[in-house]
2 protein chains.
Amino acid sequence: MRHNLQDTISLLTGTPAVLNALLRDLPEIWTFRNEGENTWSAFDVVGHLIHAERTDWMPRVKTVLQFGETRPFASFDRLGHVREVQGKSLGQLLDEFARLRAGNLAELRALNLRPEHLELRGQHPSLGGVTLSELLATWAAHDLTHLHQISRVMAYQYRETVGPWSRYLGVMQCDGHSSSN
Amino acid sequence: MRHNLQDTISLLTGTPAVLNALLRDLPEIWTFRNEGENTWSAFDVVGHLIHAERTDWMPRVKTVLQFGETRPFASFDRLGHVREVQGKSLGQLLDEFARLRAGNLAELRALNLRPEHLELRGQHPSLGGVTLSELLATWAAHDLTHLHQISRVMAYQYRETVGPWSRYLGVMQCDGHSSSN
């Protein structure tokens with residue numbers, strides 16, 4: 001299926017408002033609890049999304065445009081959010097994410113990418129050759145994977161509270177699927 | 001863990017705005033596509049949530065309060081949304097869901113339920129004895145299971161577009177987990 005960049009940008013544009021509606025001012029049971037040791041709360045996930053806005057997506061787009069496959073992307077630090085969230089409130093993180101996302105999308109739009117640009121190739125440090133199209137699609141799908149994760153982490157807090165309904169609720173059977181949930 | 005009804009109400013209150021931010025005015029690739037035959041699009045899920053607002057949650061709360069375990073809940077029609085969505089736009093469905101949810105939460109608040117009410121018991125047609133606490137917690141967790149589903153259905157549309165990143169995106173490995181996704 002051909003990648004329509006406007007579909008990707010539309011989704012990316014909406015995510016700050018989605019997280020805001022989902023998380024801001026909610027009781028802490030929904031936002032600060034995780035699924036057990038070494039797992040993330042919704043708060044942590046927002047920190048991770050901020051870190052990716054700073055160090056992953058647009059920096060990699062620029063690497064593809066400037067260096068093609070000759071310079072691999074910098075590795076992404078999956079624990080980079082620890083620094084991001086320190087001493088911050090959830091409200092501050094949501095504001096920061098919205099600000100960074102808006103700035104990055106303004107930069108992306110200013111590049112005026114055309115279909116032929118989407119075929120440009122870069123070098124991922126572990127995946128190998130990838131296209132700009134795949135990178136941009138992944139930016140959007142990454143929002144969705146973390147929305148999927150946040151809804152699961154939130155549901156986990158009610159795993160006992162729902163009693164026997166647990167078996168009818170698919171989210172209660174989901175245990176995540178990979179390193180990036 | 002004790003069920004704090006305010007936690008449940010806070011989550012239920014936010015869901016219409018979450019779905020609105022996530023879906024309204026998005027390109028149809030995100031809202032009208034499903035995961036294959038006999039699966040639901042985001043549009044269908046909103047129809048299902050509307051149907052549950054009309055026929056499931058508050059009607060069952062009232063059944064518990066009026067009849068306790070002596071009258072089983074009416075069965076929920078998982079295909080009831082087909083009627084709900086016919087001839088409607090996604091915007092109309094989102095408005096309808098927000099209106100129904102606000103009305104149901106006003107009714108719930110007006111009941112002034114106290115902790116002792118939460119222990120009252122009702123009869124589920126297939127699960128057997130359940131408490132009012134479990135029913136109300138499930139109302140909230142049901143929002144989350146469908147947010148989890150919607151994010152998965154949306155991500156599915158990019159399963160090829162993301163190329164090799166697919167393996168790093170947990171949502172792409174999720175195939176749903178039960179009859180209520």
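Trainee: What makes Asp56(B) and Arg60(B) a salt bridge?

Mentor: In this predicted model, the closest N and O atoms of Asp56(B) and Arg60(B) are 3.4 Å apart. A salt bridge needs a side-chain nitrogen of Lys or Arg within 4 Å of a carboxyl oxygen of Asp or Glu, so 3.4 Å makes it.

Trainee: And why is Asp56(B) called buried?

Mentor: Buried means under 20% relative accessible area, exposed over 50%, and partly exposed in between, using a 1.4 Å probe and protein chains only. Asp56(B) comes in at 5%, so it counts as buried. Arg60(B), with 5% too, is buried as well.

Trainee: Before we go on, what are the ground rules here?

Mentor: Residues are numbered from 1 along each chain as its sequence is written, chains are lettered from A and ligands numbered from 1 in the order in which they are written. Local features need pLDDT of at least 70, side-chain atom pairs count only at pLDDT 80 or more, totals for chains, interfaces and linings use all residues, and side-chain values use heavy atoms, with hydrogens and water left out.

Trainee: What makes Glu107(B) partly exposed?

Mentor: Its relative accessible area is 35%, so Glu107(B) falls in the in-between class. Glu107(B) also forms a salt bridge with Lys62(B), with the closest N and O atoms 2.9 Å apart. That pair links helix 6 of chain B to helix 4 (residues 57-67) of chain B, 45 residues apart. Helices here are DSSP runs (H or I, at least four residues; strands are E, at least two), numbered from the N terminus.

Trainee: Why are chains A and B said to be related as by a two-fold axis?

Mentor: Chain A can be laid on chain B with an RMSD of 0.0 Å by a turn of 180° and a shift of 0.0 Å along the axis. The two copies are thus related as by a two-fold rotation axis. The superposition is by least squares on the C-alpha atoms of residues with pLDDT of at least 70 in both.
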